[in-house]
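User: I have this model open and would like to talk it through with you. Can we start with the ligand and then move on to the rest?

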Amino acid sequence: MNEHLAICISNKVNKEHLIDCIQNETKLGTWSHLKGALFSEISINKYIKEERLHGSCNVQTVSGNSLEFSSQGERKKALLNYIISKKPEYIIVDNVFGNLDVQSQEEIIKTLSKLSHKAIIIQILKRQEDLLPFIDKTYQFDNGNLIEYTIEAEQVEINSAPFYVELPQAYRSFTDQINPIVKFTNVSVDYRERPILAAINWEIKAGEFWQLKGPNGSGKSTILSMIFGDNPKAFGQDITLFGIKKGSGESVWEIKQKIGYFSSDMLRGFTRLDSIGNMIVSGFFDTIGLYKTPTNEQIKIAQHWLRVLDMFDIRKQDFLSLSKGYQSLVLIARAMVKHPPLLILDEPTNGLDDADVKLFTALINKIAKETETAILYVSHRTENGLNPDFIYELIPYESGSKGQVILTKH
Ligand SMILES: Nc1ncnc2c1ncn2[C@@H]1O[C@H](COP(=O)(O)OP(=O)(O)OP(=O)(O)O)[C@@H](O)[C@H]1O
C-alpha cells in the first residue's frame with residue numbers, strides 16, 4: 001500500500017527548494033529513485049516556454065488550443081491528463097485547487113484518489129482546507145527535514161483587524177465620478193468562431209464591491225482583459241469605462257491610471273531588486289519598480305500606506321526579501337496609492353497560505369469600508385470574511401457565456 005503524505009508549508013518556505021529536495025535527494029524519502037511527476041504551475045510555465053520556443057509541447061488541451069491561449073483551469077486539466085499518461089510512481093501535487101472551479105475541484109479529488117492506488121501522492125499544502133481526503137500522514141518542512149505534524153482546526157490565529165492606521169484620503173476627489181464606472185452593453189466575444197461571451201450587460205458603480213465568478217473557460221479573464229488590458233476584442237463593442245466609450249481615442253495609459261490591479265501572477269518572476277518603499281511609490285507611474293522621481297505628495301501618500309501595513313521601519317528593505325503574503329500586501333498598496341476608482345483583484349489569494357489570506361482579507365475589507373474605490377475580485381474560492389456586495393456569475397452555453405447578477409446582502 002502506498003503511503004500518501006502532505007507537507008504543510010507557509011509562504012516563508014522556499015517551495016522550489018522543497019520540490020528539488022523531494023525530486024533529487026534521499027534525505028526526505030526514497031522517491032528520487034522512482035519515476036516522478038510534478039503537478040504544479042511551475043510545470044505549466046515550463047511547458048508554455050517550450051511551446052513558445054518550438055511551436056508545440058507534449059501537453060495537449062482538450063480543445064486543441066495552445067497552452068498559452070488556454071484558460072488557467074484548462075491548462076491544469078491538460079497537465080493532469082499528461083501526467084496520468086506518463087504513469088508516474090509518485091506525483092508531487094502543488095496548490096491542487098488553485099484556478100480550478102468548484103466542479104473541477106471535485107473531479108480532481110476523484111482522479112487523484114484513483115491515482116493514489118497506483119502512485120504515491122505528495123501534496124504540498126498551504127491551505128488546511130485543501131488537504132486531500134486520502135492523505136495518510138502530514139508533515140512540516142523544517143530546516144530541510146520532514147517533521148510529523150497534526151493539523152488541527154483553526155490553528156491560524158490572526159487578529160481580524162490587524163491594520164490600525166486609517167487609509168490615506170483621496171488626493172484627488174472622485175465625487176464628480178461618472179457613474180457607472182464600467183458599463184458593458186450587449187458585449188459578445190468569440191475566438192476563432194468559438195463563442196465565449198454572449199450579450200453581456202453589466203454595470204459597476206462607484207464604491208461597489210463585486211466578485212466575478214464562473215467555471216473554468218467561461219470568460220472571466222476575457223472580461224478583465226477588455227477592462228484593463230488591450231484585448232483587441234474590445235474594439236467595436238459597446239464598453240464604457242469611466243464615462244468614455246472604449247475605442248474613442250483614450251490611451252491604454254489613461255485607463256490604467258484609473259485602475260489599480262493586482263494578480264497573484266505578479267508575484268512570480270520578479271527579479272529586479274527594489275525596496276518596499278519604491279515598490280509602493282511606483283504605483284503612481286504604473287511601472288513595477290521606480291524610474292521617475294516622485295513628488296513630495298506622492299512620497300507622503302506612499303509613506304502613509306507603509307504605516308498602514310506596519311512596514312515603515314523596513315521600507316528600505318528589499319521587496320523580494322518579504323514572504324509572498326507580505327509581497328501581495330505591498331502590491332495592493334502599490335495598486336491603491338493613486339486612489340483609483342476601480343481596484344481589480346485577479347485570483348488574489350492563489351498560492352497564499354492561511355495566515356496570509358487572513359491578512360489579505362482584512363486589508364481588502366478595510367479598503368472596501370474606508371475608500372470610494374470600487375472592487376472587482378475574480379476568484380473560484382469563497383474566502384470566509386470577504387463579503388462582496390454583488391456577484392456577477394458567468395454561466396456557459398454553447399452560444400457563449402451569459403451573465404447573471406446575484407445580490408449577496410439583501
Ligand atoms: N487568445 C485566445 N485565442 C483562442 N482562445 C482563447 C484566447 N484567449 C482565451 N481563449 C479561450 O476563451 C475561453 C475563455 O477563456 P478565459 O481565460 O477568459 O476563461 P476564464 O473564465 O478566465 O477561465 P479560468 O477560470 O480557467 O481561468 C477559454 O476556453 C480559452 O481557451
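Predicted model: local features only at pLDDT ≥ 70, side-chain atom pairs only at ≥ 80, totals over all residues.

User: Fine. Which helices supply at least two residues each to the shell around the ligand?

Analyst: Helix H3, covering 72-85, and helix H5, covering 220-227, each supply at least two residues of that shell.

User: And how many residues surround the ligand, and which are the closest?

Analyst: The ligand is surrounded by 19 residues, and the closest of them are Ser-71, Gly-73, Asn-216, Ser-221 and Thr-222. Sorted by class, the shell has 13 polar residues, 3 charged and 3 nonpolar ones.

User: Changing topic, what is the strand order in the open sheet of 6 strands?

Analyst: The order is E2-E3-E4-E1-E5-E6, and the pairing is mixed. At the edges are strand E2 (36-39) and strand E6 (145-148), each of which pairs on one side only. On average, neighbouring strands of this sheet are turned by 25° against each other, if direction is ignored.

User: In what sense do E2 and E3 pair?

Analyst: E2 pairs with strand E3, residues 90-94, in the parallel sense over 4 bridges, and Leu-38 stands opposite Ile-92 in E3.

User: What about helix H1, which of its residues are buried?

Analyst: In helix H1 (residues 15-24) the buried residues are Leu-18, Ile-19, Cys-21 and Ile-22. Seen down the axis of H1, these buried residues fall within an arc of 160°, so they line one face of the helix. An α-helix has 3.6 residues a turn, so residues three or four places apart point the same way.

User: What do those buried residues of H1 pack against, and which exposed residues are on the face turned away?

Analyst: The buried residues of H1 pack against strand E1 (5-8), E2, E3, strand E4 (120-125) and strand E5 (137-142). The face turned away from the buried side of H1 carries Glu-16, His-17, Asp-20 and Asn-24, which are exposed.

User: Last one: why is strand E12 described as largely enclosed?

Analyst: Strand E12, residues 259-263, has 5 of its 5 residues buried, so it is largely enclosed by the rest of the structure. Both of its faces are covered, with Ile-259, Tyr-261 and Ser-263 buried on one side and Gly-260 and Phe-262 buried on the other.

User: And which residue in E13 is the bridge partner of Gly-260?

Analyst: The bridge partner of Gly-260 in E13 is Leu-343; E12 and strand E13 (residues 342-346) pair in the parallel sense over 5 bridges.

Terms used:
Residues numbered from 1 in each chain as written. Pairing = 2+ DSSP bridges. Axes fitted to C-alpha atoms, helices over the stretch in contact; angles between N-to-C directions. Near = placed C-beta within 6 Å. Nonpolar A, V, L, I, M, F, W, Y, C, P; charged D, E, K, R; others polar. Buried ≥ 20, exposed ≤ 12 C-beta atoms within 10 Å, placed from the backbone. Arc of directions from axis to C-beta. Contact = placed C-beta atoms within 7 Å.
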